[in-house]
Amino acid sequence: MAATAVMPNLGLNVCANSDLVPDWIDQEVSTGTTIMAVEYDGGVVIGADSRTTTGAYIANRVTDKLTPIHDRIFCCRSGSAADTQAIADVVTYQLGFHSIELDEPPLVETAANLFKASCYRYREELTAGILVAGWDRRKGGQVYSVPIGGMLVRQPVSVGGSGSSYIYGFMDSNYKPGLSREQCLELTAAALSLAMERDGSSGGVIRLASISEEGLERRVILGNQLPRFFTR
């Protein structure tokens, strides 16, 4: 008589609707975030925090939200991580072919219009807010905002993401035309640090980049090196 194997019940039959299953399991991965871009004479400065969330759960503490689109064109992403990554990949592909056809580097405005076209065409399906920034020989440093819905507007300074609502007053008080590159870097770091203090979906480290005719320079400000505006 053949022996019958008996498998022990290890308690793995957990119902999908059980209270043991955390709420964030069903939440989409989101770059609820703070992003910022500033023009200066000769280039642009961009910056972002690094926290990616799934509901209240922090899925990634060190996400790089400064996404290269071409040599001197970057975008800052906020909204659904999947949506913004897909749009950035599509625009990178399109802009690369465009550059090959022209046999010269593409314009920042062209990249911004490609983002606008995709965000507007799929505005009902996508959750994506994009800042496009870079440098080209025709117009120098430029910042374009493409908020959810697919609008396109050029701005000398722009902030976005869930943390941006906490720093509009700070930006109104501290931004003025004609800032130098170092002043833009300091302003961006200070604004992002303030947003990260207040916004639960922003945090981690601050990633900064300056883009000019000379090329790209990137910096990272770690959590213990962030600007502080009060004493604990």
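Through how many residues does a hairpin join strand 8 to strand 9? In this predicted model, the hairpin between strand 8 and strand 9 passes through three residues. The two strands, of which strand 9 spans residues 140-146, run antiparallel and are joined by seven bridges, and within this pairing Asp 136 stands opposite Gly 140 of strand 9.

Strand 8, which comprises residues 128-136, is also joined to strand 7 (residues 73-79) by seven bridges, again in an antiparallel arrangement. In this second pairing, Gly 79 has Ala 128 of strand 8 as its bridge partner.

The residues of strand 8 are mostly covered, with nine of nine classed as buried. In a regular strand, side chains alternate between the two faces of the sheet. In strand 8, Ala 128, Ile 130, Val 132, Gly 134 and Asp 136 point one way, whereas Gly 129, Leu 131, Ala 133 and Trp 135 point the other way, and the residues of both sets are buried.

The cysteines were examined separately. A disulfide is a covalent bond between the sulfur atoms of two cysteines, and a search of the whole structure returned zero disulfides. For Cys 76, the closest cysteine sulfur is that of Cys 75, at 6.9 Å, which is too far for a bond, given that a disulfide requires the two sulfur atoms to lie within 2.5 Å.

Definitions and conventions: Residues are numbered from 1 along each chain as its sequence is written. This is a predicted model: local features need pLDDT of at least 70, side-chain atom pairs count only at pLDDT 80 or more; totals for chains, interfaces and linings use all residues. Side-chain values use heavy atoms; hydrogens and water are left out. Buried means under 20% relative accessible area, exposed over 50%, partly exposed in between (1.4 Å probe, protein chains only). Helices (H or I, at least four residues) and strands (E, at least two) are DSSP runs, numbered from the N terminus. Two strands pair if DSSP finds at least two bridges between them.
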